[in-house]
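Dear colleague,

I am passing on the structure we spoke about, with notes on its fold below. Please read them alongside the coordinates.

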Amino acid sequence: MPTRNCDAYAEAMARIRASKLRKAGLSGAYASADSELGRRVYALAREGRGAYLFGTPGTGKTHAAACAVRMWCDRGGGARLVTAKRLLDDVRDGYRGDGDRRALERAARVPLLALDDLGLERRTDWGVEEISALIDGRTAAGLPTVITSNYSLGELATLWGGVDGARAASRIAGACERIAVGGPDRRLHGQG
């Protein structure tokens, strides 16, 4: 009889963990993501420092961010992985009244935010301002942010353009350790 209680407890805990990871934006392979880079990013976050992972597609940037978020959640913390485009879409839809009105507020206060694919969203002055304000607010609050991008910060500043783009890139540089991620595209070469 005690074994059945232990099994039921273990199953319940596994369901709770899976639910927490889904709410953090982790599903499929990301729910079990593990990598040396991800563990390094997690260690930075535990020290209150963010990470800016940049490089070509398929090199493991998102996987590493997912690993850091998973580890953070597994240790009882609140975390979220979301693409920059999805976050901005949610914020815009919230302003229009047909979406999540508190998406930006939640992103600003979650203990660990992983913002994926920065620079792939449609470039607008409003979007650059929102991302810059989000990074500013999180930095001022001492909350680490993990950012992945296909662009170096210099390329991102150019892509976003003008003073606003340079300012946003500078804010990110101040909040995050820059980590170049190289290698072949793992998806194209069947490695994950």
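What follows goes from the overall fold to the sheet and then to the packing of its helices.

This is a predicted model, in which local features need pLDDT of at least 70 and side-chain atom pairs count only at pLDDT 80 or more, while totals for chains, interfaces and linings use all residues. Residues are numbered from 1 along each chain as its sequence is written, and side-chain values use heavy atoms, with hydrogens and water left out.

The protein has eight helices and five strands, where helices (H or I, at least four residues) and strands (E, at least two) are DSSP runs numbered from the N terminus. Along the sequence these elements follow the pattern α-α-β-α-β-α-α-β-α-β-α-α-β. The C-alpha trace spans about 70 × 40 × 30 Å along its principal axes.

The five strands form an open sheet in the order S2-S3-S4-S1-S5, with parallel pairing (two strands pair if DSSP finds at least two bridges between them). Its edge strands, each pairing on one side only, are S2 (79–83) and S5 (176–180). Neighbouring strands are turned against each other by 15° on average, direction ignored. Within the sheet, S1 (residues 50–54) and S4 (residues 145–149) pair in the parallel sense over four bridges, and Ala 51 has Val 146 as its bridge partner in S4.

H2 touches S1, S3 (112–118), S4 and S5, and its direction makes about 170° with that of S5; H6 (residues 125–140) touches S3 and S4, and its direction makes about 155° with that of S3. Axes here are lines fitted to C-alpha atoms, for helices over the stretch in contact, and angles run from 0 to 180 degrees between N-to-C directions.

H2 (residues 36–46) also meets H3 (residues 61–74), their axes coming within 7 Å and crossing at roughly 55°. That makes H2 oblique to H3 (angles under 35 degrees count as roughly parallel, over 145 as roughly antiparallel, 65 to 115 as roughly perpendicular and the rest as oblique). Residues making the contact include Leu 37, Val 41 and Tyr 42 of H2 and Cys 67, Met 71 and Trp 72 of H3.

Terms used
Contact means heavy atoms within 4.5 Å.
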